[in-house]
Amino acid sequence: MSNPIDNGRRKFLKTGAMAVASIPLATLLTQRTAKAQSVPEGAADWPHAENGHAHNYVNDHTTTDHSRYQEGQQCSSCQFWVDNVDGDWGYCMHPSFSDVLVNANGWCSVYAPAA
Ligand code: SF4
């Protein structure tokens with residue numbers, strides 16, 4: 001006969017191991033989804049985002065004094081950046097920028113480094 005405490009402990013360890021193992025898979029799926037994102041049709045005609053559009057956005061990352069900004073961060077290296085559309089202007093898939101193009105040299109406070 002097995003000890004009920006051992007069974008509970010075994011179940012806890014098994015669940016924990018499965019949770020830890022699923023983290024890299026979730027990360028991979030998120031990255032794959034981002035890479036699969038394409039520029040919407042007609043995006044070349046969208047207006048360019050202005051400073052302050054959302055999340056403290058600026059067109060030139062060197063001009064922000066936001067506390068979250070770290071040197072080297074800019075739209076073109078962000079996880080939400082998809083591709084250039086019109087010169088330095090490109091498509092950002094973050095919902096707050098769904099109808100404007102952002103500048104490759106821009107930055108906003110939801111910046112997340114691309115993997
Ligand atoms: S989410 Fe990223 S790509 Fe989009 S505006 Fe902010 S910093 Fe730029």
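Biologist: How many bridges join β2 to β3, and in which direction do these strands run?
Modeller: Strands (E, at least two residues) and helices (H or I, at least four) are DSSP runs numbered from the N terminus, and two strands pair if DSSP finds at least two bridges between them. Here two bridges join β2 to β3, and these strands run antiparallel. In one of them, Trp89 has Asn103 in β3 as its bridge partner. This is a predicted model, in which local features need pLDDT of at least 70 and side-chain atom pairs count only at pLDDT 80 or more, while totals for chains, interfaces and linings use all residues. Residues are numbered from 1 along each chain as its sequence is written.

Biologist: How many bridges join β1 to β2?
Modeller: Four bridges join β1 to β2, again with the strands antiparallel. Trp81 has Cys92 in β2 as its bridge partner, and Asp86 has Trp89. Asn84 stands opposite Gly90 in β2. β1 and β2 make a hairpin with two residues between them, and Gly87 in the turn has a positive phi of about 65 degrees.

Biologist: In which order do the strands lie in the sheet?
Modeller: The sheet is open, with three strands in the order β1-β2-β3 and antiparallel pairing. Its edge strands are β1 (81–86) and β3 (102–103), each of which pairs on one side only.

Biologist: Which residues other than glycine have a positive phi?
Modeller: Most residues other than glycine have a negative phi. In this chain, His55 has a positive phi of about 50 degrees, and phi of Asn56 is near 60 degrees, also positive. His55 is in the loop between α1 (4–36) and β1, and Asn56 lies in the loop between α1 and β1 too.

Biologist: Is His55 buried, partly exposed or exposed?
Modeller: Count the other C-beta atoms, placed from the backbone, within 10 Å of the residue's own: 20 or more is buried, 12 or fewer is exposed, and in between is partly exposed. His55 is partly exposed because 15 other C-beta atoms lie within 10 Å. Asn56 is partly exposed with 18. Of the 115 residues in the chain, 18% are buried.

Biologist: Which residues have the most contacts inside the largest nonpolar core?
Modeller: A nonpolar core is a set of buried Ala, Val, Leu, Ile, Met, Phe, Trp, Tyr and Cys residues joined through C-beta atoms within 7 Å. The largest has 16 residues, and Cys75, Cys92 and Val102 have the most contacts inside it. Strand β2 (residues 89–92) gives the largest share of this core, three residues.

Biologist: What is Cys75 in contact with?
Modeller: Two residues are in contact if their C-beta atoms, placed from the backbone, lie within 7 Å. Leaving aside neighbours within four places in sequence, the contacts of Cys75 include Trp81, Cys92, Val102 and Trp107.
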